[in-house]
Number of protein chains: 2
Amino acid sequence: MSDLSHDEPYNSDPIAELIENYNELNSSVIEELTEEPSPLEFMRYVAKNTPFVVRRAAKDWKAAKEWNANFLKDFLKDETVNVAVTPHGNADAPTPHPTPESPLVFAQPHEEDQPFPIFINYLTSQSLLDPAKPIGEVRYAQTQNDNLRNEYLSLFSHVPPSIPFARIALDRDPDAINLWIGNQHSTTAMHKDNYENIYVQIRGQKHFILLPPICHPCVNEQPLPSAVYSRPQQPSSQTTTTTKEEEKPDLLRLTVSDKKKVPFPTWDPDRPFENETEYSCLACPVRVTLHQGDMLYLPALWYHKVSQSVDTDGVCVAVNYWYDMDFTGPLYPLSTFVRSVYKRDAQDTGDSFEQDAAEEDHA
Amino acid sequence: MSDLSHDEPYNSDPIAELIENYNELNSSVIEELTEEPSPLEFMRYVAKNTPFVVRRAAKDWKAAKEWNANFLKDFLKDETVNVAVTPHGNADAPTPHPTPESPLVFAQPHEEDQPFPIFINYLTSQSLLDPAKPIGEVRYAQTQNDNLRNEYLSLFSHVPPSIPFARIALDRDPDAINLWIGNQHSTTAMHKDNYENIYVQIRGQKHFILLPPICHPCVNEQPLPSAVYSRPQQPSSQTTTTTKEEEKPDLLRLTVSDKKKVPFPTWDPDRPFENETEYSCLACPVRVTLHQGDMLYLPALWYHKVSQSVDTDGVCVAVNYWYDMDFTGPLYPLSTFVRSVYKRDAQDTGDSFEQDAAEEDHA
């Protein structure tokens, strides 16, 4: 039988074709709704794995109306909360820290319990510092373990227990509801989750950069050695330590563990010419800023980088609802397929990682 | 940066992994519903690109209650209809007919207009023939051009103008509604359509073999030379020709055209060891038989082969509703990606097509 290439041009790069085809068929401008979709309308977005934002959807939530730094400080005045501490707001982020295997490590935060008023005072004071001054260590309440139904249970009644259109459409309750309290110095590095995600802004702003699952070849996923920040042992007690409002970030020590490596994106669309792959230039990131009361549908498997701005009270607060994704159907195995083809191609062509690594070393 | 293969085993065959992952996550037994889904329930199936069957959903349609060979013959007694004529019931099918480039061609039927009573008499008489006798040429009313709203308009009021759950969920009217009238001697070869398809059995049975879009590497798509059947010129008029009830199929001449080749699956799950690819053995075909009144959701891009059985009156009748698929989202570009990777791999490895072609030549 004839060679197929006699009839159709030989496409030497299916990955580039995939990203280009996707870009031709899909807008990189997010759809903006003015009211919540019906369950059926929502399911149409789930079906096409496409994000949207509903402006002001949560404006009448008690949380959106009442939560601010002072309200929270008072409401949680007797609580102790888990805080992620990093030198640069880089919790769970690829971080320069050369090892024999890699110029980057996956840096996990130092986690410690802090009295809530001390935590939020630290956030707000730091937010309002003269930008020319050193900011000290960065703190972020970001436990993604259903914390709004556990650690912050007393606040839970201020938000709906589920998002009705999502609960009805997906026919399930949320697997986790998470509260995020931080300031402009924390950034969530580009990553993806196996969840359908409804993200709601309560105070301040979040700035999302989104990439669809087919953009795996753009994000330069690398197996990063796992590392964790810790405070060196000091004579003072932990409580004393955490009450200091100007911790020096260089006191945090980053220790590489010998655990299994973490495959993690290393390309940042905000620094497009660092750690890029040959496909990064094809990505068309979707950018959207959530303001107070805005609601984002972040579809399962979408890459997202999130930075934040604070409100006048110096905090940024958000809540998100994670619903288990449906692993049946073609999307999950096809996303894995893109990853496998990209990996095989990179290996077959001698790959560009080594070169990237060298550049990183000289940066 | 380290070579990825240090951390995860090198998967040498992403295509096999894709099909295996899909099979692990998805059943090859079709879901059977006892009543029509709501628009939202339907949209969940669309979202996961997964078929289902609703038993007896159309049992109360006027068509399901009243259509049979005699009713149709009377109802359409003055109509002339387009009929596809082939020697073996192989309209639009890969057919052995060696050319310099290919042992198979894509055989299109001879199309001719016939008085409806003559057409249906031919079908029913042929259905009831002693199986040992030669059956003669095969006829099938199968124009897929919205014929129920055109050629067969007088019958259109016997079926719903749209399928409510699909119309509401997909937020569109059907692009085409097609009527199919044939007998057990016609088979629709494995192919796929860019439509969401609701297929409804009216008389007799249809036997579907379904494969999901990710099974492209299993179906051995080949660029087949296009060919068309024709009746040789005869002194008798066409009307006279078509009234003969025992046409000899060998009188149909198959002529290869010099048109562009047609990429078409050549693997038949019913003959798994002919024209197979290295991946065909991984396919888990979904098999479902539609009985009178049954309704099948055949998702966009699914491969389907359809054979049929007749009712006691010797005909098989079905209606299908095609709704435009949504090309946004990841499924369409990812399906193209699977095809491109498969094609590139086949070319890179010297491919198995030539070998298949040789075997075909000796068959």
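This report walks through a predicted model, from its overall build to a few individual residues.

## The build of chain A

Let us start with one chain. Chain A has nine helices and 19 strands. Of its 363 residues, 56% count as buried. If we look at contacts in chain A between residues at least 6 apart in sequence, 84% of them join residues at least 24 apart.

## The largest pocket

Rolling a probe the size of a water molecule over the atoms shows where empty space is left. Here, the largest pocket has a volume of about 920 Å³. Its lining counts 46 residues, and those closest to the centre of the pocket are A:Val46, A:Ala47, B:Val46, B:Ala47 and B:Lys48.

Which elements give two or more residues to this lining? In chain A they are helix H2 (39–47), helix H6 (164–170) and helix H8 (331–348), and in chain B they are helix H2 (39–47), helix H6 (164–170) and helix H8 (331–348). Sorted by class, the lining has 25 nonpolar, 16 charged and five polar residues.

In soluble globular proteins, nonpolar side chains tend to be buried together. In this model the largest nonpolar core has 108 residues. The residues with the most contacts inside that core are A:Ile181, A:Ile198, B:Ile181 and B:Ile198.

Leaving out residues up to four places away in sequence, A:Ile198 touches A:Phe42, A:Ile163, A:Phe165, A:Ala166, A:Met295, A:Leu296, A:Tyr297, A:Val319, A:Asn320, A:Tyr321 and A:Tyr323. There is also a second, separate core of 74 residues, which includes A:Ile214, A:Leu296, B:Ile19 and B:Val341.

## Salt bridges

Over all chains, the whole structure holds 36 salt bridges. One of them pairs B:Glu32 with B:Arg55, with the closest N and O atoms 2.9 Å apart. This pair links distant parts of the chain, 23 residues apart: B:Glu32 sits in strand S1 (residues 31–33) of chain B, and B:Arg55 in the loop between strand S2 (52–54) and helix H3 (62–66).

B:Glu112 and B:Arg231 form another salt bridge, their closest N and O atoms being 2.8 Å apart. The two are 119 residues apart, with B:Glu112 in strand S6 (residues 110–115) and B:Arg231 in the loop between strand S13 (226–230) and helix H7 (238–243) of chain B. B:Glu112 is buried, with a relative accessible area of 3%, and B:Arg231 is buried at 17%. B:Arg203 lies in strand S10 (residues 195–203) of chain B and B:Asp311 in the loop between strand S18 (303–309) and strand S19 (316–324), 108 residues apart. B:Arg203 counts as buried at 13% relative accessibility, while B:Asp311 is partly exposed at 22%. In chain A, salt bridges that share partners join A:Glu112, A:Glu137, A:Arg139 and A:Arg231 into one network.

A:Asp313 is in the loop between strand S18 (303–309) and strand S19 (316–324) of chain A, and it counts as buried at 16% relative accessibility. Its C-alpha atom is 9.7 Å from that of A:Leu123, a residue 190 places away along the chain. Not counting residues up to four places away in sequence, A:Asp313 touches A:Asn68, A:Ala69, A:Thr124 and A:Arg203.

In chain B, look for B:Leu282 in the loop between strand S15 (262–265) and strand S16 (286–290). The C-alpha atoms of B:Leu282 and B:Ala16 are separated by 7.6 Å, although the two are 266 residues apart along the chain. Apart from its neighbours within four places in sequence, B:Leu282 is in contact with B:Ala16, B:Ile19, B:Glu20 and B:Asn23.

## Two residues with positive phi

Most residues other than glycine have a negative phi. A:Asn49 has a positive phi, near 50°. A:Asn49 is in the loop between H2 and strand S2 (52–54) of chain A and is buried, with a relative accessible area of 2%.

B:Asn275 also has a positive phi, near 55°. You will find B:Asn275 in the loop between S15 and S16 of chain B, where it is buried, with a relative accessible area of 10%.

Notes:
Residues are numbered from 1 along each chain as its sequence is written. Chains are lettered from A and ligands numbered from 1 in the order in which they are written. This is a predicted model: local features need pLDDT of at least 70, side-chain atom pairs count only at pLDDT 80 or more; totals for chains, interfaces and linings use all residues. Side-chain values use heavy atoms; hydrogens and water are left out. On a 1 Å grid over the protein atoms alone, a cavity is a set of points where a 1.4 Å probe fits but cannot get out, and a pocket is an open set with protein on both sides within 12 Å along at least five of seven lines; lining residues have an atom within 4 Å of a point. Grid points are joined across faces, edges and corners, and a volume is the space filled by probe spheres set on the points. Helices (H or I, at least four residues) and strands (E, at least two) are DSSP runs, numbered from the N terminus. Ala, Val, Leu, Ile, Met, Phe, Trp, Tyr, Cys and Pro count as nonpolar, Asp, Glu, Lys and Arg as charged, and the others, Gly among them, as polar. A nonpolar core is a set of buried Ala, Val, Leu, Ile, Met, Phe, Trp, Tyr and Cys residues joined through side-chain atoms within 4.5 Å. Buried means under 20% relative accessible area, exposed over 50%, partly exposed in between (1.4 Å probe, protein chains only). Contact means heavy atoms within 4.5 Å. A salt bridge is a side-chain nitrogen of Lys or Arg within 4 Å of a carboxyl oxygen of Asp or Glu.
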